[in-house]
Amino acid sequence: MEKYLFNDGTNVIREVQSKEELQSLIKASADPAKVSIWIFNTSEWVSISDLNKRYPEFQSPVKKEIQVTKAKEEPSPVRGKPVITGLLKKTLAGIFIIVSIFLVYNFTRVSWAKASSVSITAERPANTPPVNTDSLIGTIELLRGQKLDKITRTNLRIRNTWPDLLQLHLTADRDTSREGLRYYDLQISIDNSTGYNIDNAVVKFSVWRNKTISNSDTLRFINIGYAAPAGRKIEGVYKGDSISVSFSSIRSKAFNFCYSSDKKSNYGNYNDRWFCR
C-alpha cells in the first residue's frame, strides 16, 4: 500500500502518501471509530479494524475505546444515521472516481499549441556539384578548335547550373506539443528561371522522426512555365521532427535536359552529365 485517502468523520478528506503518515493521522484523530480509509488498490472505504484485519503488516494502533464506542453505536435506536453514512460513502466514492477520470484525461490528453510556420528550399543535389561553366566552355572550345554557338553555350550552362535556376520550395504551418511537431497546409512550388518550359518534374517530400523518414510522398508537375512559379497544395497532417523536399526527376526537351536523383550521369560525361535527347 502506497497511497490512501483519510476521512476522520468531519467530511474532510485528505490524500496520504505513506503508511507512516496514515498512522500519524489515526493517532491524532479525535474519534477513531469514525475514521474511514480509502485503499487505492481495493477501491473501497474501510475502518481501522478492517484495515488491521486485512493487512496485519500495517499494525495501526487501535485504542480499546474504539471498540467500546462501536458497541455503543450499534444498538443506537437512530435508524437514519447508518443510511446517511452509507449514502455519504457512496457519494464520496463516486465523486472521487469522477475526479480521478477527469485528472487522468487532462493529464494524458495531448495539447497542441500554434508554432511558427516553416519555409524550406531544396538543397543542391549531391549528384550535381557546382561547375565553373565559363572554364568548361573554354576547355571544350579549345579541344574542338572552334567556338560553340550561342544556343549550345546557353543550354550547356543551364544544364550545369539548373539547381540555381529551378528553385523548389516548401512551406507549412505547424503546431507543437510534448509529442513533437505536426505539419499541415503544406504548399510546394517550383520557380523556373531557365527561360524554357519544363515538361515535367517529380518532387518528393519527406517527414522525419528521430533522423529516419516516417512518411513520404511524391507529386508530379507538368508543363512548368517560367512566367510564374508553379504550385501545389498537399492535404493532410504529418507528425514528425522535421520535413524536407527534393527533386526526384526533371525533363525538358527544350534544352535537352534529363535529371534523375538516382543517377550520377546520363551518359557518363560529367562535363555535361544531364544532357539527353
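1. In this predicted model, helix α5 (residues 133-144) and helix α6 (residues 150-160) have axes that come within 10 Å and cross at roughly 135 degrees. Angles over 145 degrees count as roughly antiparallel, and α5 and α6 are therefore oblique to each other. Their crossing is right-handed.

2. On the α5 side, the contact is made by Thr133, Asp134, Leu136, Ile137, Ile140 and Glu141. Helix α6 contributes Arg153, Leu156, Arg157 and Asn160. Sorted by class, the contact of α5 with α6 has four nonpolar, two polar and four charged residues.

3. Which residues have the most contacts inside the largest nonpolar core? They are Leu170, Leu186, Ile188, Ile190, Phe205, Phe247 and Ile250, within a core of 31 residues. At least two residues of this core come from each of the strands β5 (113-121), β6 (166-177), β7 (180-192), β8 (198-209), β9 (212-224), β10 (230-240), β11 (242-252) and β12 (257-260).

4. Another core lies apart from the largest one and has 13 residues. Phe6, Leu25, Leu51 and Tyr55 are among them. As a general remark, nonpolar side chains in soluble globular proteins tend to be buried together.

5. The surroundings of Leu170 deserve a separate entry. With residues up to four places away in sequence not counted, Leu170 touches Val118, Ser119, Ile120, Leu186, Gln187, Ile188, Phe205, Ile243, Ser244 and Val245. Of these, Leu186, Ile188 and Phe205 are also listed with Leu170 among the residues with the most contacts inside the largest nonpolar core.

6. Ser260 belongs to strand β12. This residue has a relative accessibility of 14% and therefore counts as buried. Leaving aside neighbours within four places in sequence, Ser260 is in contact with Asn127, Ser248, Ser249 and Trp274. Asn127 and Ser260 are 133 residues apart along the chain, and their C-alpha atoms are separated by 9.0 Å.

Technical notes. Residues numbered from 1 in each chain as written. Predicted model: local features only at pLDDT ≥ 70, side-chain atom pairs only at ≥ 80, totals over all residues. Heavy atoms only, no water. Axes fitted to C-alpha atoms, helices over the stretch in contact; angles between N-to-C directions. Helix = DSSP H or I, 4+ residues; strand = E, 2+ residues; numbered from the N terminus. Parallel < 35°, antiparallel > 145°, perpendicular 65-115°, else oblique. Left-handed = near helix turned anticlockwise from the far one by under 90°. Contact = heavy atoms within 4.5 Å. Nonpolar A, V, L, I, M, F, W, Y, C, P; charged D, E, K, R; others polar. Core = buried A, V, L, I, M, F, W, Y, C linked by side-chain atoms within 4.5 Å. Buried < 20%, exposed > 50% of the residue type's maximum accessible area, 1.4 Å probe, protein only.
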